[in-house]
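Subject: Structure handover

Hello,

Here is the structure I said I would pass on.

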Amino acid sequence: MARLVVLGGGVSGHTAATFAAKWLGSAHEVVVVTPNSQWNWIPSNIWVGVGDMSKQDVVFDLAPVYRKGNITYKQAKAISLNPEGKEGADTPFVTIEYTGQGKEGQTEEVTYDYVINATGPKLNFAATPGLGDANGLGEYTVSVCTADHAVHASHELDRCIEKMQKGERQKFLIGTGHGMCTCQGAAFEYAFNIESKLRKAGVRDMADIKWISNEAFLGDFGMGGLHMKVNGYVVSSKLFAESLYAERNVDWIIGAHVNKVEKGKAHYELLDGTTGVEEFDFAMLIPPFAGVGLKAYGKDGSDITDQLFAPNGLMKVDADYTPKPYSEWKASDWPRTYQSPAYKNIFAVGIAFNPPHLISKPAKSPNGTPINPTPPRTGMPAGITGKAVAHSVCDLITKGEGVQLHEASMAEMGAACVASAGRGLLTGTAAAMTVYPVVPDFDRFPGTGRDTDYTFGEIGLAGHWIKQVLHYLFIYKAKLKTGWTLIPE
Amino acid sequence: MEKKVIPEELNFQNNDKMNLTMIPSRYARFMRTCVIWQFIRFVVLNIKMLIVVRKSH
């Protein structure tokens with residue numbers, strides 16, 4: 001009997017573990033190590049953050065689902081990997097520390113034949129003074145990164161609405177809290193859901209909403225933007241993003257590295273080297289992501305973390321990490337199998353793998369501060385990479401080494417993204433977008449880097465309905481209900 | 001002379017950035033939430049997304 005250990009139970013880890021358990025059956029064991037007791041459909045957190053959904057609408061308990069899926073569940077966080085075992089024992093293992101199940105604080109060595117690192121990001125609030133610290137979110141801003149954060153954000157928003165109803169003008173600042181953030185899409189959604197909420201509450205005229213972001217232009221979204229066909233033209237997403245911001249009267253600051261947050265103030269540096277301070281009554285600034293800080297040790301106990309992980313804590317996989325200028329970036333730099341080059345039984349998927357470089361054009365201020373979005377790997381790419389790697393591991397276990405590994409390069413896969421701009425069965429709107437491929441390939445698609453037959457976007461009620469359907473569909477799938485395998489990632 | 005106010009055009013004067021972009025007209029905004037048209041778009045968008053999903057697996 002072989003044992004696959006999946007570290008992390010988010011979109012990528014959950015997908016990998018559930019498919020692997022289904023394909024392997026009871027002949028082999030699948031273990032999930034995740035510090036959380038509940039699964040969270042993160043894309044709907046923005047609706048929790050404006051009070052349109054409750055926390056219970058976006059989470060469910062993992063234990064019964066893993067029982068049903070024949071998956072061993074350990075509510076714990078992974079601390080370190082020992083890919084060669086330890087002195088006196090050759091079997092590789094992961095050291096974990098329990099966070100629940102009545103074993104809080106206890107450590108355990110979980111041996112494995114294969115391990116999939118799907119630990120996701122560490123929300124690195126500490127990267128920006130005042131945004132938070134090593135323990136998490138600070139006191140001056142709110143976040144929608146977790147369901148609990150979103151509940152807190154909703155309460156703070158309610159306070160602001162009460163003040164506006166009493167005639168007190170409020171300033172909202174939404175965006176990214178550092179020059180190296182990703183997930184601009186979530187902040188974008190939150191900004192426009194707040195705008196929509198304030199209109200419904202009848203206080204929109206009492207609010208100044210401003211967007212602040214590390215994108216070089218609106219509509220970059222960490223993907224260098226996208227070009228799409230509209231009414232006989234091929235146009236940049238910049239035009240459509242700016243149009244929406246202007247329509248909803250949301251002012252914007254772009255190319256910004258927020259370097260310090262104080263009570264009611266965000267200090268920032270811009271791409272042109274100038275600095276500024278933006279005042280706010282309510283701020284939601286996405287933190288940058290980093291690896292969760294997994295360590296790795298050799299058989300003799302020596303620290304081999306740098307062999308498996310990049311300095312940012314994300315795991316090195318089969319990508320081409322050779323440093324090169326933007327003009328020499330290739331689609332082929334991106335990983336295909338997500339296998340660690342150091343240990344063939346270790347894989348990393350979703351946000352846990354280290355991308356070879358950015359997707360957006362790199363940019364620095366004259367002071368040398370990098371201000372550019374890092375590549376998004378959430379949602380569809382996270383699910384697809386999780387499933388592909390689960391398939392590879394199952395083949396390795398059942399057919400033996402030497403099998404062709406399954407491939408899922410972000411330079412060959414597309415992604416569908418639905419960004420809410422306000423909720424409501426008949427009044428809601430969302431920007432429905434697809435890109436193909438996620439990573440532009442200028443050799444295959446000279447000009448835009450993408451296939452404009454499959455790269456499109458439009459805003460409307462239909463997009464909102466799609467986002468609402470996806471909410472129910474993906475929670476249904478994650479609960480392993482009848483027919484769950486038929487729902488694509 | 002009577003002042004002609006077209007609400008969807010007011011934001012152009014907010015600042016230079018907004019002045020240099022495009023803002024949807026009343027007709028474009030109506031179509032965004034027109035249930036019949038959006039139902040058609042819902043079907044079309046789902047088909048287009050499924051094609052991209054299929055190409056990605």
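The notes below take chain A and then chain B.

This is a predicted model, in which local features need pLDDT of at least 70, side-chain atom pairs count only at pLDDT 80 or more, and totals for chains, interfaces and linings use all residues. Residues are numbered from 1 along each chain as its sequence is written, while chains are lettered from A and ligands numbered from 1 in the order in which they are written.

Chain A has 10 helices and 26 strands (DSSP runs, H or I of at least four residues for helices and E of at least two for strands, numbered from the N terminus). Its C-alpha trace spans about 70 × 50 × 45 Å along the principal axes. Of the 489 residues in chain A, 55% are buried (20 or more other C-beta atoms within 10 Å of the residue's own, with C-beta atoms placed from the backbone).

Chain B is made of 3 helices and 0 strands. Its radius of gyration is 18 Å, well over the 10 Å that the globule rule gives for 57 residues, so chain B is more spread out than a compact globule. The C-alpha trace of chain B spans about 60 × 30 × 10 Å along its principal axes, and 18% of its 57 residues count as buried.

Regards

Conventions: A residue is buried if 20 or more other C-beta atoms lie within 10 Å of its own, exposed if 12 or fewer, and partly exposed in between; C-beta atoms are placed from the backbone. The radius of gyration is taken over C-alpha atoms; the globule rule is 2.2 Å times the number of residues to the power 0.38.
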